[in-house]
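Please look over the sequence and the 3D structure shown here. A short report on them follows, arranged by topic.

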Amino acid sequence: MKKLTLTKFALALGIMGVVSCNEDNDDKLSISKSAVIENYAEIVYQNYLDSYNDAVNLETVVNVFVSQPTEANFENAKSAWKQARESYGTTEAFRFVDGPIDDENGPEALINAWPLDENFIDYVEGVSDSGIINDLVNYPSITKQLLIDLNEDGGEKNISVGFHAIEFLLWGQDLTAPSEELAGLRPYTDFVDGGTADNQGRRRDYLSICAGLLTENLQYLVDAWAPGAAYRTYFTQELSEDEALKKMFNGAAILVYSELAIERVNVALFNQDQEDEHSCFSDNTHRDVRLNLQASINVYKGTYGNISGPSIADLVAEVNPELALEIQGVITDVVVKTDATLIPFDLAIAEGPESIEGAKVTAAKTAMQLFGSELSYAANSLGITLNEL
């Protein structure tokens with residue numbers, strides 16, 4: 001799993017400096033912090049519920065393909081995977097705060113761990129018998145518990161389950177040049193008895209189990225944030241208001257400043273390596289990037305889908321209107337610069353940071369980090385300090 005970089009983020013914030021806290025700001029607020037926190041909790045619940053529903057659809061479509069492995073059903077499974085990524089992408093601002101997604105019992109590593117060593121799961125170019133699927137001696141049966149136990153066993157790139165395991169099974173390695181603008185070209189016949197690649201039945205079992213696990217783990221998150229659930233009650237009623245707001249800020253700021261800008265964008269650009277893309281098999285990384293950015297914006301603005309309520313942005317606007325206006329400008333700028341990057345992402349990074357397209361990626365990365373730092377200033381305007389992470 002790509003680990004969060006809390007220390008790096010905290011250090012960066014320390015270097016940038018933070019404005020002094022103003023603990024008297026509560027007296028200026030006409031909007032209650034509790035209303036902002038309640039609105040956030042509803043957003044988290046609805047976003048995870050949408051993600052769960054999309055995962056249910058993915059599991060259903062995958063199981064249709066597994067029972068009837070036709071090319072049309074294979075393409076339907078790929079489409080369902082991309083649809084499921086849409087709703088999951090905006091949940092990632094709910095991470096990094098020791099919440100249900102990634103506390104000590106959290107399922108994040110079973111949902112979205114990456115980067116992934118393909119060789120750990122299935123055959124790769126030049127090695128037709130590699131991976132769990134082709135290892136009949138050590139793993140005579142492909143079972144749910146086996147795949148859970150093997151996830152990150154022996155190394156953080158030994159990913160056995162989750163979105164990217166399913167992605168690899170559906171697309172295979174992307175061995176084409178970025179200029180060809182093609183994703184992985186795994187044939188559907190890898191899943192057909194007597195078709196391409198060996199162990200087609202074990203590959204079908206593997207894919208079906210992974211899809212079921214994804215649904216199961218997202219159900220856990222929906223249950224944690226449902227109205228009346230223990231964690232939601234803790235977050236909205238038992239935490240102090242400033243501590244809850246701090247978690248909201250931290251999730252949004254760490255995602256956009258560090259995890260997205262550095263780990264998911266800049267590392268890939270610097271290395272010019274498709275393997276460092278978040279969704280490297282499907283060429284869907286451009287959607288990951290845009291959705292992750294939107295995730296942080298959603299938290300700041302208190303909006304998601306049809307939900308629009310009291311927000312962090314409203315609080316900031318009351319205590320420091322100039323800063324609120326500045327942040328809105330930063331948000332507009334980062335969206336424009338991110339949308340200006342080339343699609344697919346592997347083509348955008350192919351010529352490195354000094355190229356015309358690479359410079360656009362760098363500009364987007366810099367704007368993402370500026371948004372993250374502005375979130376830290378916004379927190380400080382409310383008397384909340386993020387660099388105590």
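## The model

This is a predicted model, in which local features need pLDDT of at least 70 and side-chain atom pairs count only at pLDDT 80 or more, while totals for chains, interfaces and linings use all residues. Residues are numbered from 1 along each chain as its sequence is written, and side-chain values use heavy atoms, with hydrogens and water left out.

## Domain and core

An unreviewed UniProt entry carries the annotation "domain: Imelysin-like" for residues 45-350. UniProt positions are given in the numbering used here, feature names are shortened, and annotations may be inferred rather than shown by experiment. Over residues 45-350 the chain is 58% helix and 1% strand, with 38 Å between the end C-alpha atoms. Helices (H or I, at least four residues) and strands (E, at least two) are DSSP runs, numbered from the N terminus.

The largest nonpolar core has 116 residues, and Trp225 and Tyr300 touch the most other members. A nonpolar core is a set of buried Ala, Val, Leu, Ile, Met, Phe, Trp, Tyr and Cys residues joined through side-chain atoms within 4.5 Å. Buried means under 20% relative accessible area, exposed over 50%, and partly exposed in between (1.4 Å probe, protein chains only). Helix H2 (residues 33-67) gives the largest share of this core, 15 residues. Neighbours within four places in sequence aside, the contacts (heavy atoms within 4.5 Å) of Trp225 include Tyr40, Pro100, Arg232 and Phe235.

## A covered helix

Helix H6 (residues 163-171) is mostly covered, with 9 of its 9 residues buried. Among them are Phe163, His164, Glu167 and Trp171. The buried residues of H6 pack against H2, helix H3 (71-89), helix H4 (108-111) and helix H7 (200-225). Just after H6, Gly172 has a positive phi of about 75 degrees.

## Salt bridges

The structure holds 18 salt bridges, each a side-chain nitrogen of Lys or Arg within 4 Å of a carboxyl oxygen of Asp or Glu. One of them joins the side chains of Arg232 and Glu42 (2.8 Å, N to O). Arg232 lies in helix H8 (residues 230-238) and Glu42 in helix H2, so the pair ties together parts that are 190 residues apart in sequence. Arg232 is buried at 9% relative accessible area, whereas Glu42 is partly exposed at 27%.

Arg264 and Glu92 also meet through their side chains in a salt bridge (2.8 Å, N to O). This pair links distant parts of the chain, since Arg264 is in helix H9 (residues 241-271) and Glu92 is in the loop between H3 and H4, 172 residues apart. Arg264 is buried at 2% relative accessibility, and Glu92 is buried at 1%. In Lys337 and Asp333, the closest N and O atoms of the salt bridge are 3.2 Å apart. These two residues are 4 residues apart in helix H12 (residues 321-339), so about one helical turn separates them. Lys337 is partly exposed at 32%, as is Asp333 at 28%. Salt bridges that share partners join Glu92, Arg95, Asp102, Glu108, Glu259 and Arg264 into one network.

## Ser373

Ser373 is found in helix H14 (residues 356-381) and is buried, with a relative accessible area of 3%. A polar atom of the Ser373 side chain lies 2.8 Å from the backbone oxygen of Leu370. Between Ser373 and Glu75 there are 298 residues of separation in sequence and 41 Å in space, C-alpha to C-alpha.

Technical notes
A polar contact is a pair of N or O atoms within 3.5 Å; within protein, one must be able to donate a hydrogen and the other to accept it, and residues adjacent in sequence count only if both atoms are side-chain atoms.
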